[in-house]
Amino acid sequence: MSETTGASYAAAGVDIDAGDRAVELMKEWVKKATRPEALGGLGGFAGLFDASALKRYERPLLASATDGVGTKVDIARQMGVYDSIGHDLVGMVVDDLVVCGAEPLFMTDYICVGKVYPERVAQIVKGIAEGCVLAGCALVGGETAEHPGLLGPDEFDVAGAGTGVVEADRLLGAERIRSGDAVIAMASSGLHSNGYSLVRHVVFDRAGWSLDREVAEFGRSLGEELLEPTKIYSLDCLALTRTTEVHAFSHITGGGLANNLARVVPDHLHATVDRSTWTPGPVFDVVGAAGQVARPELEKTLNMGVGMIAVVPQESVDVALATLADRGVDAWVAGRVTERADGAEAVSLTGDYAG
């Protein structure tokens, strides 16, 4: 009678020991992404945050957001660079939170891999922790899941959720916007983390480029440009709300500038954005030319060089621009808000890009 070996978790492709090793490696990074209100450490079943800190608010509103980084993870996988993708994840989450004026308090993450390589997972968490430091929030917990059979050994995906708080009477949004308000644009660092399905189709399938291709317009390789981390605006936006009056923010992500700005423009108003006030970075021209992508398609997919919008009263413009300049944020007046004509869209883009 032949002997048979019983099934095991390891034989099914899940390595618990590797997972434990990953946790040990990431601890040093998670310790850096904290706030005084964050309690406990890694290893618990839930992250803890001392809500008594909210007593200083008259009527605290909690804000929450969840996001990922889309198919940009495939660029990271091919490049073998794993820390910047965590930075992207934080930016996508906290900059959604700050749109309503909320201060990001804490984040949790979810990392799904085909096979746990402890050092690789730790690098992803390192990037998340560094992003949390830039955003002023704590990383209070997360989950790493190994999915053999569903993902290849080198495949992975990341997602995150964040919580913030805003005083009820300081909540920002469409109801605050008035005719005559100025539209201030804040420069993006590049593609950020949106539109990569289009970008990958263009550069790989249509142009036939490799990630190590040196692109003169970038002054570096294609892969290095595509992995440029998402800019995190949360502390810059919060600084604006402290130094001057702000009516609304708009995080420019999937859907482009017009569609995202329209989400905070009230039904009776119209925002006009003048393209001639800025020059998009070279990556947008390169993608457009390589794929023969029409401008309307580019503009409804990519941020075109603007990562965040602030809508402020005209009298707040000078202080707003000075505040952002002091913080190293490239910003400019890109348009204004007026009454909306019958049948008009919420947002229109006019003129041609400078340069």
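Student: How many aromatic pairs does the structure hold?

Tutor: This is a predicted model, in which local features need pLDDT of at least 70, side-chain atom pairs count only at pLDDT 80 or more, and totals for chains, interfaces and linings use all residues. Residues are numbered from 1 along each chain as its sequence is written, and side-chain values use heavy atoms, with hydrogens and water left out. Rings of Phe, Tyr and Trp (its six-membered ring) pair if their centres lie within 6.5 Å; planes under 30 degrees apart count as stacked, over 60 as edge-to-face and the rest as tilted. The number of aromatic pairs in the structure is four.

Student: Why is the pair of Tyr82 and Phe156 given its class, and which class is that?

Tutor: A pair of aromatic rings is described by the distance of the centres and the angle of the planes. For Tyr82 and Phe156 the centres are 5.8 Å apart and the planes stand at 65°, so the pair is edge-to-face.

Student: How many residues apart are Tyr82 and Phe156?

Tutor: Helices (H or I, at least four residues) and strands (E, at least two) are DSSP runs, numbered from the N terminus. Tyr82 lies in the loop between α2 (72-79) and α3 (84-97), while Phe156 belongs to strand β6 (residues 156-167).

Student: Are Tyr82 and Phe156 buried or exposed?

Tutor: Buried means under 20% relative accessible area, exposed over 50%, and partly exposed in between (1.4 Å probe, protein chains only). By this rule, both Tyr82 and Phe156 are buried.

Student: What is the angle between the planes of Trp278 and Tyr353?

Tutor: Trp278 and Tyr353 form an edge-to-face pair, 5.4 Å centre to centre. Trp278 counts as buried because its relative accessibility is 5%, and Tyr353 is buried at 18%. The angle between their planes is 70°.

Student: Which residues do ring pairs link into a cluster?

Tutor: Two of the members are Trp278, in the loop between β11 (269-274) and α9, and Tyr353, in the segment after β14 (347-350). The cluster linked by ring pairs consists of Trp278, Trp332 and Tyr353.

Student: Over which ring does the charged end of Lys115 sit?

Tutor: A charge sits over a ring if NZ of Lys or CZ of Arg is within 6 Å of the ring centre and within 35 degrees of the ring normal. The charged end of Lys231 meets this rule over Tyr233, at 5.7 Å from the ring centre. For Lys115, at 5.8 Å from the ring centre, the ring is that of Tyr117.

Student: In what order do the strands of the six-stranded open sheet run?

Tutor: Strands of a sheet pair through backbone hydrogen bonds, either parallel or antiparallel. Two strands count as paired if DSSP finds at least two bridges between them. The pairing in this sheet is mixed, and the order is β10-β12-β7-β13-β11-β14.

Student: Why is one side of β10 and of β14 left without a neighbour in the sheet?

Tutor: Both strands stand at the edges of the sheet, β10 covering residues 248-251.

Student: How many bridges join β7 to β12?

Tutor: Strand β7 (residues 182-187) and β12 run antiparallel. Ala187 has Val306 in β12 as its bridge partner. The number of bridges joining β7 to β12 is six.

Student: Is Gln292 buried or exposed?

Tutor: Gln292 is found in the loop between α9 (282-291) and α10 (295-299). Its phi is near 50°, a positive value in a residue other than glycine. Because its relative accessibility is 69%, Gln292 counts as exposed.

Student: Is Met304 buried or exposed?

Tutor: Met304 likewise has a positive phi, near 55°. Its place is in the loop between α10 and β12 (306-312). With a relative accessibility of 6%, Met304 counts as buried.

Student: Which residue follows α4?

Tutor: Helix α4 takes in residues 118-135, and its buried residues include Val121, Ile124 and Ile128. The residue that follows α4 has a positive phi, near 80°, and is Gly136.

Note on methods:
Expected span 1.5 Å × (residues − 1).
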